[in-house]
Amino acid sequence: MTGWVTDVHPTREELDACVHCGLCLPHCPTFRLTGNEAASPRGRITAMRAVNDGVLSVDEDFEEMLGFCLGCRACEAVCPGLVPYGRLFEGARAEIAAQRPTLVSSLRRRVLGRVLPTRRLVETGSGVVRILQKMRRLLPGAVGARLDGLRDLSDNPPSSLGRVAEPEGKPVATVGLLAGCVMDSWFGAVHHASIDLLRRAGYRVIVPRGQTCCGALAAHDGAAADAKRLAEVNRSAFAGVDIVVADAAGCSAHLADYRHWVDGGIDAETKDITVVIAEAIADGRLPTLEGDDPVVYQDPCHLRHAQRVTEEPRTIVRASGHRVTEIDPDGICCGAAGIYSVLRPRAAGELGTRKADQVRATGLTTVVSANPGCEMQLRTHLGDSYRVIHPVELYRERLLAESV
Ligand code: SF4
Ligand code: SF4
């Protein structure tokens, strides 16, 4: 069969924005790894256009070309034609899901679209992971290695769901915090730091119970119907707030693109936590602390490329009394990319090793990153002697230390 079958397929207008200039090629991690045009953004767009024109079908080669793509959107950030590559990628993945389903890929999409957004199931799964972490030394190498990137789940604070935090004076605005799928159970300390900083910055903060997973992982893997459903649920859950904030870069990038999944997007501004906190630091609602301790900052792709947010997390690191040490002028993906590191361990491992080598070359042992996937990938490739931390945690830690 040739052509598209879903209502989220890449469109002629989106595809025609590419003028084949090739400026994106040196910024693409998979092109850097292979040197192959077929593993480049231009090659992938050419293949999508051929499907659109009825010349190619959504076949095994097309699936491989799109399956090898990290969805990091580095190509989008440098494209002079403003090609919406992230949208094309999600549309093409939805076509692959619809036209080439297998038992394994359908089950995987079921997990991403149905299981991950079900809090009870995530909590049960997290309980199992907690037990496995305690048995770490008894586990076979490959299984144990998968756990090494995680935080110690027995240290995870209580859930933030349902919390309401009031500022001292009249609220600047009401913020709704996205709890996410695994953020609450695995990275709860990031939520607690976010809520406390938002409150100190003058916001009323609510974490609505009716919310669900943002749907980014489902959308990236082609589970379009689930991505739409999850966006609808969140649209209702966050009705009435002024700003919806996410403290995982992958989630804030997806919220910013909700208009592709639900009519009109979400009825509020959406922002990454680093943007809101940097704004509060800039206008003096939050203090800038003294100090010059160097730390490494790593750009998550979904902040740097998808949202073009680069300065704000660095502002937070500096306001924490730290000097920012750069590692990668091109912001090449660390290889985490949602579930990419599970599906494509070789390519992800190569990118993770390169990123870890860049960190090691600085001689520093603290790395700041604002995305859970990057954090786990960095920890996996750096090992226990390195500390990987979210910028809001770093800042709050220093604020608390100063107030003692
Ligand atoms: S995606 Fe953009 S940068 Fe890449 S070849 Fe097309 S027009 Fe050029
Ligand atoms: S999203 Fe990343 S891996 Fe995919 S084509 Fe663009 S730059 Fe390459």
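A polar contact is a pair of N or O atoms within 3.5 Å; within protein, one atom must be able to donate a hydrogen and the other to accept it. In this predicted model, the backbone oxygen of Pro117 and a polar atom of the Thr212 side chain are 3.4 Å apart.

**Thr212**
- Thr212 belongs to the loop that runs between strand 3 and helix 12 (216-220).
- Thr212 counts as buried because its relative accessibility is 7%, and buried means under 20%.

**Thr102**
- Thr102 is placed in the loop between helix 6 (85-99) and helix 7 (103-115).
- With a relative accessible area of 42%, Thr102 is partly exposed.
- The side chain of Thr102 makes a polar contact of 3.0 Å with the side chain of Ser105.
- Thr102 and Glu76 are 26 residues apart along the chain, and 30 Å separates their C-alpha atoms.

- Side chains of opposite charge can pair when their charged atoms come close.
- The model has 38 salt bridges, counted as a side-chain nitrogen of Lys or Arg within 4 Å of a carboxyl oxygen of Asp or Glu.
- One of them joins the side chains of Asp226 and Arg114, with an N to O distance of 3.1 Å.
- Asp226 is buried, at 11% relative accessible area, whereas Arg114 is partly exposed, at 38%.
- Another salt bridge, 2.9 Å from N to O, is formed by the side chains of Glu166 and Arg204.
- This pair also links distant parts of the chain, 38 residues apart: Glu166 is in the loop between strand 1 (164-165) and strand 2 (174-177), and Arg204 is in strand 3 (residues 204-206).
- Glu166 is partly exposed at 42% relative accessibility, and Arg204 is partly exposed with a relative accessible area of 27%.

**A further pair and a network**
- Glu269 and Lys271 form a salt bridge in which the closest N and O atoms are 3.7 Å apart.
- Glu269 is partly exposed, with a relative accessible area of 45%, while Lys271 is buried, with 16%.
- Arg73, Glu76, Asp257, Arg259 and Arg308 are joined into one network by salt bridges that share partners.

**Ligand 2**
- The second largest cavity is where ligand 2 sits.
- There are 13 residues around ligand 2, and those that come nearest are Cys28, Arg44, Cys69, Cys72 and Cys75.
- By residue type, the shell around ligand 2 consists of 9 nonpolar, 2 polar and 2 charged residues.
- At least two residues of this shell come from each of helix 2 (29-34), helix 3 (41-52) and helix 5 (74-78).

Key: Residues are numbered from 1 along each chain as its sequence is written. Chains are lettered from A and ligands numbered from 1 in the order in which they are written. This is a predicted model: local features need pLDDT of at least 70, side-chain atom pairs count only at pLDDT 80 or more; totals for chains, interfaces and linings use all residues. Side-chain values use heavy atoms; hydrogens and water are left out. A residue is near a molecule or strand if one of its heavy atoms lies within 4 Å of it. On a 1 Å grid over the protein atoms alone, a cavity is a set of points where a 1.4 Å probe fits but cannot get out, and a pocket is an open set with protein on both sides within 12 Å along at least five of seven lines; lining residues have an atom within 4 Å of a point. A molecule sits in a cavity or pocket if more than half of its atoms lie within 2 Å of its grid points. Helices (H or I, at least four residues) and strands (E, at least two) are DSSP runs, numbered from the N terminus. Ala, Val, Leu, Ile, Met, Phe, Trp, Tyr, Cys and Pro count as nonpolar, Asp, Glu, Lys and Arg as charged, and the others, Gly among them, as polar. Buried means under 20% relative accessible area, exposed over 50%, partly exposed in between (1.4 Å probe, protein chains only).
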